[in-house]
Amino acid sequence: MNYFIGTDLGSTTSKSIVMDENERIVGRGLTNTRSNYEVATKVAEQEALIGARFTFLGEELRHELNLSEERINDLIEKHEFLFRYEHYYDNVVLLHEKMEEEIESAPSSEKKELKNIVQEIFVELEKNAFDYYQEAGKDKSTFFRDLIGAQYMKLAEQANTYFETMMSMFDKSIMIVENHMPEINIEKLGRKSLDKLFQIEQLEQLKSKVDKAFQIASTRKINIACKVGTGYGRLRLPYPKDQIQSEILCHGLGAHYMFPNTRTVLDIGGQDTKAIQVDENGIVTSFQMNDRCAAGTGRFLGYVADELNLGLQELGPLSLQSKKLVKISSTCTVFSTIEIRDRLSLGERREDIVAGLHKAIVKRAMSLLARSGGIYNEFTFSGGVAKNQAIIKYVKEMVEENYGDLTINVSGDSIFTGAAGAALFARKRTMTSKEEG
Amino acid sequence: MDNSKSEQHFGKDEAMLKEKELNVAYEKKIQNAKAEGKKLCYTLVPGNLVELLHCFDIVPVFPEILGLQMGLRRDARSFIEGGENAGYSEDVCSYVKSSVGMLLNNNIGSGGKKIPKPDFLFYINSQCFTFMKWFEILRKSYDCPTVAIHLPYNHHGKTTENELKYGVDQIKNVVIPQLEKISGKKFDLEELKERLALSRQMEQELAWCYESAKHRPSPVDGMFQFLYYVGPINTYYRGTQEGVDFYKTVRKTIEERIAAKQGPATPFGRMDEQKYRIVMDCGITWDHFRDYNKIFFDEKAVIVAATYTKVSGTYDQGNFHDPDRPFESLIESNMTNYCNLTIPDKTNLMEKYIKEFEADGFLIGSIKSCKSFSAGMLTMLRELENRTGLPGGFFELDMMDARYYSDSNIRNRLESYFRMVDERKKEGIK
């Protein structure tokens, strides 16, 4: 069996998909895009390949054990969680090391004090790592930087006068950790997490069968026949030029893959917004992209979150609390931040302002959709912003208002739409050349 | 190293090099006009009567050409900002703002060259309704007379008898008497006819050159190379023997390329391999001309027909000047330039180009600061997609304001467009 990798190197996140010859997705990888694109790509690919191992493990376990499907899925989920925790923990240790190294460049009068603070912080971080990860690490789209960053900041705040220094040291060290390509030994880490799973779930009686399944799944050959890359940073992907594909085409094909009756696709990513029309084969027939500014993109939401001192993930839920939406006239990133302050000073509620901003983004997207030729049944909404429930709510409302009762698809996997399209192009490329020759 | 005559150096063929020579000579004519006792007239590329001006020894100066030179030399920004600092809004035509910027810079234009002030202004409003306001500003600043012709929008796809009479009356009763007064020279109808005969020859040669893009490979790029080729006909040289000689040279270089099965000369090398044949509506940027051209070169996409090169007249549609109908044909030529056409007529012309030049698709490049060109473009896009079944692409830029040009954005859009064409070809969709 051949496998194919599709990678979507976006401005905010990098996504990879591992797909088999039968167009089945066997692994998904997601990481934050960092300054070193090559590492971001490799991490996303590696994550997807790890995902593939767990898919294989599920298959083996179904074969080996006489357990319900639900129980098997539960075991896989737990095992994967523990596996990722081990990797998280390794990164905490690596960050600690890098912080220690950073101290060396501090003025000698401060070294001792900084060393003590770092030591205290990391004793705390390492001691509570599992509890913390259990609480905060469930959402796979929360990246190491954000996970550790939130906790680190709380602890660093206690360092009073050294807070700024500690944060600057953190910024430098986290960059090094992120841009360092982690060598993950799947067998070793998998085995370690499996042992933990046996303990927690008291599975000792199944050990030999699970061990066997794991052995097969972790060593099964994954022959990657072709990789295709796409996304904002596609030209920087370490792939040959002819294995780079346009984002528009990948999103069109990816949406068609997820929802075969799709005719119109709206993708709102970190950097741009795309309105795409596809035919019955997922081939793009027409498209429009946003202008040369961040207005109406995920990046715009990022600025809004910063302005309100909120996390990006908090915006949607906050917006849904709105009782009286505030009409925001501008989606210009600069103007809107001024408008936010203005509205706050007038006593408007944060949730109402944020709801207004969400609606303004959707209005802009609707205009782009109209420019691309309108919306046809079925309509698929994808991209990182399609994770925001408030945006989804307004998209649904406005599509219905303007185009009537259409089928609107939003996949939980929508962030992988472009990567899925890229994997399909990789598959198509290999299968076509096979057929031809 | 390619030693063929048709590609001499710096990616320019013999005709493109000749165009440069003519342009340098024309700049000298502008600089020397006053010393030679000639009057200078500021006028416009798509709305002028250059042949008539020649009859009075008047040297035309084109503010849009001065503007595009600023763009090509990458110093447009300071002139545009000069216009904006004077109070003109960011979305006002960048040619207008750069012209105001130059005016406020003591008439020192691109490359630090001082441009002599005009003795008078002449414009025809066809193509762009901003012309009138623009020249009102210039009139006030240069404090000189303005001669103008008003022509209606071309509602009927052709010039009607009434429209013709309306225009001809203005030439005879308003323009000629004023030009006689300004220049002190008597109008000579025979000279105008001779000049128009020369223009006709230029236009006929040029029409042949446009048509040559039907060959495979196309020996010309209807946009990037033709922007050089149309230089002389769009400026001083209409109605001159030098102009006729130039277009014979253009034709000769194209004939040589056809015989040798060669593609057009580009700054990046000759483009013999042509993967896509594209028809382009507008889509011009002077400021990033080379980067923009490179995207098409990299994609092996040749523009087989373009509308931007038809702004001074749709000669390729047989709209030639006619010495036997001198005044009428002057009016007709201005009535039928591309931007004076209705949106349905522009759409029809684009469709004709797409079909006759056997294009693989078409692109529509909207100009941020040009409403005249950009209005109705999305309607055209949809209509052309429906009529031809071919993939259309839409993007936005500005003719000279670098703030509206993002290379990565344009490249991203165009690359996506060409990949869409590829996929549709692969799937056997037309």
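This dialogue discusses how to read several features of a predicted model.

Colleague: Which conventions apply to the model?

Modeller: Residues are numbered from 1 along each chain as its sequence is written, and chains are lettered from A and ligands numbered from 1 in the order in which they are written. Because the model is predicted, local features need pLDDT of at least 70, side-chain atom pairs count only at pLDDT 80 or more, and totals for chains, interfaces and linings use all residues, while side-chain values use heavy atoms, with hydrogens and water left out.

Colleague: How many helices and strands does chain A have?

Modeller: Helices (H or I, at least four residues) and strands (E, at least two) are DSSP runs, numbered from the N terminus. Chain A has 15 helices and 9 strands. Its radius of gyration, taken over C-alpha atoms, is 23 Å.

Colleague: What percentage of the residues of chain A count as buried?

Modeller: Buried means under 20% relative accessible area, exposed over 50%, and partly exposed in between (1.4 Å probe, protein chains only). In chain A, 57% of the 437 residues count as buried.

Colleague: Is A:Glu201 buried or exposed?

Modeller: A:Glu201 is buried, at a relative accessible area of 18%, and belongs to helix α7 (residues 186-201) of chain A. Contact means heavy atoms within 4.5 Å. Leaving aside neighbours within four places in sequence, A:Glu201 is in contact with A:Arg71, A:Asp74, A:Leu75 and A:Lys78. Its side chain also makes a polar contact of 3.1 Å with that of A:Lys78; the term denotes a pair of N or O atoms within 3.5 Å, where, within protein, one must be able to donate a hydrogen and the other to accept it, and residues adjacent in sequence count only if both atoms are side-chain atoms.

Colleague: Which backbone features deserve a look?

Modeller: One is the cis peptide bond joining A:Asn377 and A:Glu378, with omega about -5 degrees. A:Glu378 lies in the loop between α13 (350-371) and β8 (379-382) of chain A. The peptide bond from B:Arg216 to B:Pro217 is also cis, with omega near -5 degrees. Another feature is a positive phi in a residue other than glycine, as in A:Asn309, where phi is near 60 degrees.

Colleague: Is A:Asn309 buried or exposed?

Modeller: A:Asn309 is exposed, with a relative accessible area of 73%, and is found in the loop between α10 (298-307) and α11 (312-320) of chain A.

Definitions and conventions:
Rg over C-alpha atoms; globule rule 2.2 N^0.38 Å.
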